Amino acid sequence: MASNVPAPDGIEIQEPPSPGAWGEWNPTEDSVRPVRGKHRVAKQGGGLARSSTVLGVGIIAAVGAGGIATAQDRPQVPISIPSLPGLADDDTGPDTASEGGSGTRTGILAQQAEAPDAGEILRTRILQQAEHQNEAADTQVRAEAARAAQEAAAAEAKAGREAAEKAAEKAAEEARAAAEKAAAEAAAAKAEEERIAKAAGNYSLPTSSYTITSYYGASGAMWSSGHHTGLDFAAPTGTPVKAVAGGKIISAGWSGAYGYRIVLQLPDGTEVWYCHLSSMSVTSGQVGAGDTIGRVGATGNVTGPHLHLEVRNGGSATDPLAWLRSKGLTP
């Protein structure tokens with residue numbers, strides 16, 4: 001406790017208490033006396049208010065009624081401040097909240113300092129979205145290109161198939177036309193062969209509306225050989241002259257005393273001469289029995305229009321009348 005020492009002039013001076021006389025002073029609600037005037041009231045509660053008001057109230061309570069003392073004359077009052085999580089220490093020293101002062105920064109401020117910048121995060125996110133969009137666009141472009149290539153290939157294949165089908169149809173049509181033409185030609189040739197073969201097996205009189213005026217072997221000054229070598233069929237000029245059998249015409253033209261002459265060769269080699277013709281209808285090729293090959297005339301050494309018919313075998317003349325009768329003909 002403090003001792004009262006007499007002071008000069010009757011003034012009593014109160015000695016300051018010795019250090020540690022009070023112990024740790026911790027003002028509470030019970031020890032705080034009401035303060036007159038406009039002063040702040042100490043914060044009520046289970047904890048200690050961290051403010052200058054608490055410090056001021058403590059100094060006033062320490063002075064007491066016996067005198068005035070300054071804050072420097074009083075012993076220092078330790079005030080414990082609870083450690084609050086998330087508060088950062090001074091940047092110049094290690095973190096006191098960590099064991100051993102390892103220097104690791106903790107708390108909200110440290111986390112905010114170590115956290116990435118929000119703008120950088122937004123920029124990174126935008127770049128990622130743009131990259132994803134570019135990749136999606138590239139994928140779509142590649143898909144479109146692949147689909148276009150497939151469609152082009154399908155169209156080209158379809159066009160190729162259509163062209164091949166058209167070419168095949170055209171070739172088949174041409175082949176059918178050629179086959180039909182060949183068949184028609186073969187049928188015509190066969191018909192002609194049949195006609196000629198049939199005609200060769202038949203015989204016909206050389207002319208019609210005639211009169212026999214001279215026979216084979218007749219004598220007279222009119223023939224250069226002294227006798228007649230053929231059979232004369234007198235008929236008006238222009239009367240048709242026909243092939244006696246099917247054969248081939250091997251000669252047609254002017255022949256001196258015979259006038260205009262046609263030589264018909266039969267399949268067995270027999271030659272039939274048609275002389276003194278006024279005109280020739282067929283001058284070459286195959287003919288059938290009964291075909292008109294010329295007209296009756298009076299060309300060459302004659303006394304009137306008639307057909308001089310000769311039949312020759314191996315170059316020698318034979319009786320035409322006998323030969324015709326041997327073929328079933330009766331002139």
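**Notes on strands, a helix and a few contacts**

1. Let's start in the sheet: methionine 280 has glycine 294, in strand 10, as its bridge partner. Strands here are DSSP runs (E, at least two residues), helices likewise (H or I, at least four), numbered from the N terminus. Strands count as paired when DSSP finds at least two bridges between them. Strand 8 and strand 10 (residues 292–296) meet that with three antiparallel bridges.

2. A word on the source: this is a predicted model, in which local features need pLDDT of at least 70 and side-chain atom pairs pLDDT 80 or more, while totals for chains, interfaces and linings use all residues. Residues are numbered from 1 along each chain as its sequence is written, and side-chain values use heavy atoms, leaving out hydrogens and water.

3. With strand 7 (residues 260–265), strand 8 (residues 271–280) pairs in the antiparallel sense over five bridges, and leucine 277 in strand 8 is the bridge partner of tyrosine 260. The two strands make a hairpin with five residues between them, and glycine 269 in the turn has a positive phi of about 95°.

4. Strand 11 (residues 306–313) also pairs with strand 8, antiparallel and over five bridges. Here tryptophan 273 has glutamate 310, in strand 11, as its bridge partner.

5. Now the rings, which pair if the centres of Phe, Tyr or Trp (its six-membered ring) lie within 6.5 Å; planes under 30 degrees apart are stacked, over 60 edge-to-face, and the rest tilted. The structure holds four aromatic pairs. One of them joins tyrosine 210 and phenylalanine 233 edge-to-face, at 5.0 Å centre to centre with 75° between the planes. Tyrosine 210 lies in the loop between helix 3 and strand 3 (211–214) and phenylalanine 233 in strand 4 (residues 231–234), so the pair ties together parts that are 23 residues apart in sequence.

6. Finally, helix 3 (residues 118–200), which also holds glutamate 165. A salt bridge needs a side-chain nitrogen of Lys or Arg within 4 Å of a carboxyl oxygen of Asp or Glu. Glutamate 120 and arginine 123 form one, with their closest N and O atoms 3.5 Å apart. These two residues are three apart in helix 3, which means about one helical turn separates them.
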